[in-house]
Amino acid sequence: MHRIGLEGGVRLEYVVIKCGGSIFSQLPPAFYRNIAELHNKGDVQPVLVHGGGPLISQTLSRLQVETQFVDGLRVTTEEVLEVAEMVLSGSMNKQLVQNLQHQGGKGFGLSGVDGGLLRAIQSDNAAIGLVGTVKNVQVSILHHLIDQGFIPVISPIAIDENGKKLNINADVAAAAVAQELQARLCYISDIPGILVEKNGETKVLHETTSSQIEQLIADGTINGGMIPKVRSALQALKNRVPETVILNGLEPDSLLSFYEGAAVGTKISLTSEVGYV
């Protein structure tokens with residue numbers, strides 16, 4: 001378990017929790033209470049990074065703005081980016097902060113634009129438009145908030161060196177933050193982990209590796225939005241993140257259970273033994 005020393009002799013472990021927009025409205029109060037409880041332990045510092053895909057899609061539809069996806073990533077035009085920022089940095093971010101406050105957590109909402117928290121460059125894949133890759137995380141901003149007792153809640157809109165805003169896939173943004181903090185990385189989903197067929201039954205893949213993930217992508221077991229999730233997890237592991245896991249946020253106390261060593265979710269590593277639950 002990786003820990004980082006802070007002033008005053010306090011030993012602190014960081015955990016970056018990525019919450020997808022697909023389950024935002026379904027997350028029970030216990031999810032936010034778990035985050036607050038981890039924070040209140042005193043030696044665990046949660047940092048929340050969130051998406052908001054479904055709400056962005058709903059808002060785009062209501063405004064009659066066309067939207068498309070390529071390999072699970074939203075094609076971001078100027079018009080789409082304006083709506084995405086409104087949803088992500090506005091309603092989604094503040095609702096998450098409010099939900100944390102209701103469960104005893106001291107949330108502080110900000111986007112990657114604020115203070116240049118997330119510095120990015122535009123993807124060289126022209127097909128996806130104004131989508132960026134994070135090149136630098138101003139962790140001093142996070143440390144300042146953490147020193148004041150806050151739980152940072154980050155919207156994945158970034159800025160480049162010329163001041164242009166870029167949309168960042170939330171899984172990718174969470175991985176970048178985790179890399180800089182050398183934090184555990186937890187992807188919160190509405191399923192218990194990566195599901196596979198074994199002996200005619202659907203099972204949770206309790207642990208998986210980089211080579212098996214590529215095989216599961218090739219055969220279609222892993223598809224859609226799960227592809228950038230697992231690939232960002234593997235990239236994070238190659239860049240100082242000690243551990244990544246996909247957890248079911250709808251399962252009571254799954255986050256606390258994971259921290260207590262229970263066999264929950266799918267743990268992703270570069271090399272390990274594969275197991276089923």
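Which residues lie nearest the centre of the second largest pocket? They are L73, S123, I128, V172 and P228, among the 16 residues that line this pocket.

## Basis of the report

This is a predicted model, in which local features need pLDDT of at least 70 and side-chain atom pairs count only at pLDDT 80 or more, whereas totals for chains, interfaces and linings use all residues. Residues are numbered from 1 along each chain as its sequence is written, and side-chain values use heavy atoms, with hydrogens and water left out.

## Annotated binding site

An unreviewed UniProt entry assigns the feature "binding site" to G52, G53, R74 and N167. These residues span 116 residues in sequence, yet no two of their C-alpha atoms are more than 11.6 Å apart, so they gather at one spot. Such annotations may be inferred rather than shown by experiment.

G52 belongs to the loop between strand 3 (44-50) and helix 2 (53-62); helices (H or I, at least four residues) and strands (E, at least two) are DSSP runs, numbered from the N terminus. G52 is buried, at 4% relative accessible area, where buried means under 20% with a 1.4 Å probe and protein chains only. Beyond its neighbours within four places in sequence, G52 is in contact (heavy atoms within 4.5 Å) with G21, V87, L88 and M92.

N167 lies in strand 11 (residues 165-167) and is likewise buried, with a relative accessibility of 9%. Leaving aside neighbours within four places in sequence, its contacts include T76, L81, L88 and L130. The side chains of N167 and T76 are joined by a polar contact of 3.2 Å, that is, a pair of N or O atoms within 3.5 Å, one able to donate a hydrogen and the other to accept it; residues adjacent in sequence count only if both atoms are side-chain atoms.

## Second largest pocket

A pocket is an open set of points on a 1 Å grid over the protein atoms alone, with protein on both sides within 12 Å along at least five of seven lines; a cavity is a set where a 1.4 Å probe fits but cannot get out, and lining residues have an atom within 4 Å of a point. The volume of the second largest pocket is about 440 Å³, counted as the space filled by probe spheres set on the points, which are joined across faces, edges and corners. Helix 7 gives the most to its lining, with 4 residues.

## Largest cavity

The structure holds 1 cavity of 30 Å³ or more, and the largest cavity has a volume of about 40 Å³. Its lining includes P28, F31, E251 and L255. Helix 1 (29-40) and helix 8 (254-259) each supply at least two lining residues, and helix 1 gives the most, with 3.

Key
Buried < 20%, exposed > 50% of the residue type's maximum accessible area, 1.4 Å probe, protein only.
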